[in-house]
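Please open the model in your viewer with the sequence panel beside it, and follow the stops below in order, selecting the named residues as you go.

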Amino acid sequence: MSDRRMSDPVKNVASSTASAVPVGATAPCSDTYKGWLFKWTNYIKGYQRRWFVLSNGLLSYYRTQAEMAHTCRGTINLAMAHIDTEDSCNIVLTSGGRSYHLKASSEVERQRWVTALELAKAKAIGMMHEQSDDSGDEESTSQSDKSEIHSTLKTLSSKLEDLSTCNDLIGKHGAALQRSLSELESLKIPTESGDKIKSVHERATLFRITSNAMINACRDFLELAETHSRKWQRALQYEREQRIRLEETIEQLAKQHNSLERACRQAPALTNTPAISNTATECVRPLKGEASDEDEETEYFDAMEDAPAFITVAADHKQHRHLGSNQSEASGGQPNDWNLEDHVLDCQHQAGCNESAMREVMPRKKRRTRIPDKPNYSLNLWSIMKNCIGKELSKIPMPVNFNEPLSMLQRLTEDMEYHDLLDKAAKCESSMEQMCYVAAFSVSSYSTTVHRTAKPFNPLLGETYELDRLEEQGYRSLCEQVSHHPPAAAHHVYSKRGWTLRQEITIASKFRGKYLSIMPLGAIHLQFHSSGNHYVWRKVTSTVHNIIVGKLWIDQSGDIDIVNHKTKETCQLKFSPYSYFSRDVARKVTGVVTDGDSKAHYILSGTWDDKLEYSKIVQSSKGNSSSEGKQKTVYQTLPSKLLWEKYPLPENAENMYHFSELALTLNEPEEGVCPTDSRRRPDQRLMESGRWDEANVEKQRLEEKQRAVRRRREAEAVEAQDDGKEYEGYQPLWFEKKVDPISRETAFVYKGGYWEAKEKKDWKKCPDIF
């Protein structure tokens, strides 16, 4: 962090309020932790004192404690946040594209906050997993809650009527008993009987007094309950009115913002203002005013905050030719190997070109190159989104207006667009070089997402998708939706060019008003047949910004750790979150490839939407400490070489959902596919044809059909439980659950039989889901 943030006035303010901080803070081990911290705002105001509240995995801040009743300046979700401690008093929280730079008054207070934040983060992650594992339907739960409340109110009303009846009976019978006793006393009877009657009279009097006391207590209780009930009704009505006002205000603001955007677009351009030609930058760069969580303060960060913990320096060829065997500190071997590898790569490239030329001579199936243009439908986004905040996206009924005409299974298959990287990796003799190609493949799967802000169709349970390119490109792929709650898809790819890939992906998504976070859960396994190298990695978090107001843009952020479980070699990739004030290139990706002894051999650098390059390390050393106090490693490298580059989009792609050449062919009708294949899904097909109203009706029909099947399974499970039998539940058709020997996790693995069934045209096992 820059020294300007550590100025003396800030330290003086911190020391002057140090005695007040522990008083306003709660214990770190409690569920809610509160206290004063200093938050970096901008270079003019520097650090400002703010009141922070940590509760339920969310860290919120206010200017004063009184603001907690009506205004929150900003909130960060700790489940997806990275906690970093730069020096003795500073804390940096990073989540998605936002960063909070905080400063405690002392090192002890900083440690208290760090402890509380780590505990809250662990609890938030646990709660997120519990929510993703919840197989219940939110809609049915709310309905059952309403019916339960209605039943309880009805029972209470009945009991009140019974109590009133008993009250009348006690009063009536008590009066009759008193009259009977009075009549007995007036009769002339023996003395002994008179004593007994007197005793009974005393007991009846006590009973009357007790009954009257009980009746009075019941009356007081009823009056108190009615009084509080009226107060609750007034409070509830007030909250409802406030909510309606707030919704109307936000909707009005959204309309005004959209009107301003339209007016700005329609206004003639100023003659002295240069035109902006880089439309890609315009799409993803947020407005300057949206970079801050506070209304009156704009946050500025140092440009080098998110820089990697290493520095690369280009090595001189002539200088390193004479290093010979004296390169004891070199972690990448002799620089001459780089030239040798160039020769190997050139040979591979030449062989690939020859193979491509041979495939061009062979007859090849003609694929479609365009789909119908996307219709220009208007949609009231706020009317749909305002009731979705905080809910699981998979449980919200969404119209096809938000979708693209592909299912999530087809979107998952789209990862194979750059399968040639794995073909090259299979030919590598060096496992370190092979790791570079695997890393490039893991990055390439995000290249089409920069413009793809539409949502794919949620697959139905049992839905499948096949992509058979065995003859054309050497691989065949199969996906199946194996679970509905939580939604999970299994994917298996076999290539006759020496590799097999499998993955199970569960999507956890949260809508937070301004942005949508999509967190893929599950591991990707890649195995090469000849060498036996087994690579495992997981995907990063995707964030869609400007959900309600503004232009949608998407960002990828987080870390990917690729591990070769055979050789223990690793590759650490860092996807830097987008920052408006950073001097770094947008959508930046950096990485280091290390061997089993943690020695670095290659440096990777580039962007996830354009290209990735790699450089061989010839020498490494520890550099001087940075301004943050960290000691960075200096890598001396040979000139970088291109590893992967994105294919250009087809012509008119902006009117075809920004689909790539592969994506345009994924929903192309094909004969002989399984009846559960996504190509046969009617609502998706209608949407692709531009008939969105019919697609919405068909989508609703399919979802209701799926809910009916789920209710039938639940009834069968209850019936089996009543009979004391075991209910197996839904089982996927082409995948089965197994314990992975590498990760020791339970995952769905392809069990075979699909391609044999396709060859025989035997689809009797397939369920009727469409």
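Select Arg368 and Glu688 to begin: their side chains meet in a salt bridge with 2.9 Å from N to O, a salt bridge being a side-chain nitrogen of Lys or Arg within 4 Å of a carboxyl oxygen of Asp or Glu. The pair links distant parts of the chain, 320 residues apart, with Arg368 in the loop between helix H8 (336-361) and helix H9 (381-385) and Glu688 in helix H15 (residues 682-688). Helices (H or I, at least four residues) and strands (E, at least two) are DSSP runs, numbered from the N terminus. Glu688 counts as buried at 6% relative accessibility, where buried means under 20% relative accessible area, exposed over 50%, and partly exposed in between, with a 1.4 Å probe and protein chains only.

Before moving on, note that this is a predicted model, in which local features need pLDDT of at least 70 and side-chain atom pairs count only at pLDDT 80 or more, while totals for chains, interfaces and linings use all residues. Residues are numbered from 1 along each chain as its sequence is written, and side-chain values use heavy atoms, with hydrogens and water left out.

Next, select Asp677 and Arg679, whose side chains also meet in a salt bridge (2.9 Å, N to O). Asp677 is buried at a relative accessible area of 0%, and Arg679 is buried at 6%. A search of the whole structure finds 32 salt bridges.

Now colour the strands and select E12 (residues 475-484) together with E13, which run antiparallel and are joined by 9 bridges; two strands pair if DSSP finds at least two bridges between them. A hairpin joins E12 to E13 through 2 residues, and Glu480 stands opposite Ala490 in E13. On to strand E14 (residues 499-511), which pairs with E13 in the antiparallel sense over 8 bridges, with Tyr494 opposite Thr500 in E14. E13 and E14 form a hairpin with 3 residues between them, and Gly498 in the turn has a positive phi of about 105°. Strand E13 (residues 487-495) is largely enclosed by the rest of the structure, because 7 of its 9 residues are buried.

From there, select Trp499, Ile562 and Leu573, which touch the most other members of the largest nonpolar core, a set of 64 residues. Such a core consists of buried Ala, Val, Leu, Ile, Met, Phe, Trp, Tyr and Cys residues joined through side-chain atoms within 4.5 Å. Its largest share, 9 residues, comes from helix H12 (residues 431-444). Show the surroundings of Ile562, whose contacts (heavy atoms within 4.5 Å) include Met435, Val438, Tyr535, Trp537, Cys571 and Leu573. A second, separate core of 20 residues includes Tyr33, Leu78, Ala104 and Leu117.

Finish at Cys571, which is buried at a relative accessible area of 1%. How far is the sulfur of Cys571 from the closest cysteine sulfur? The distance is 7.0 Å, to Cys436, too far for a bond. With a disulfide taken as a pair of cysteine sulfur atoms within 2.5 Å, the count comes to 0.

Notes. Lists of a residue's contacts leave out its neighbours within four places in sequence.
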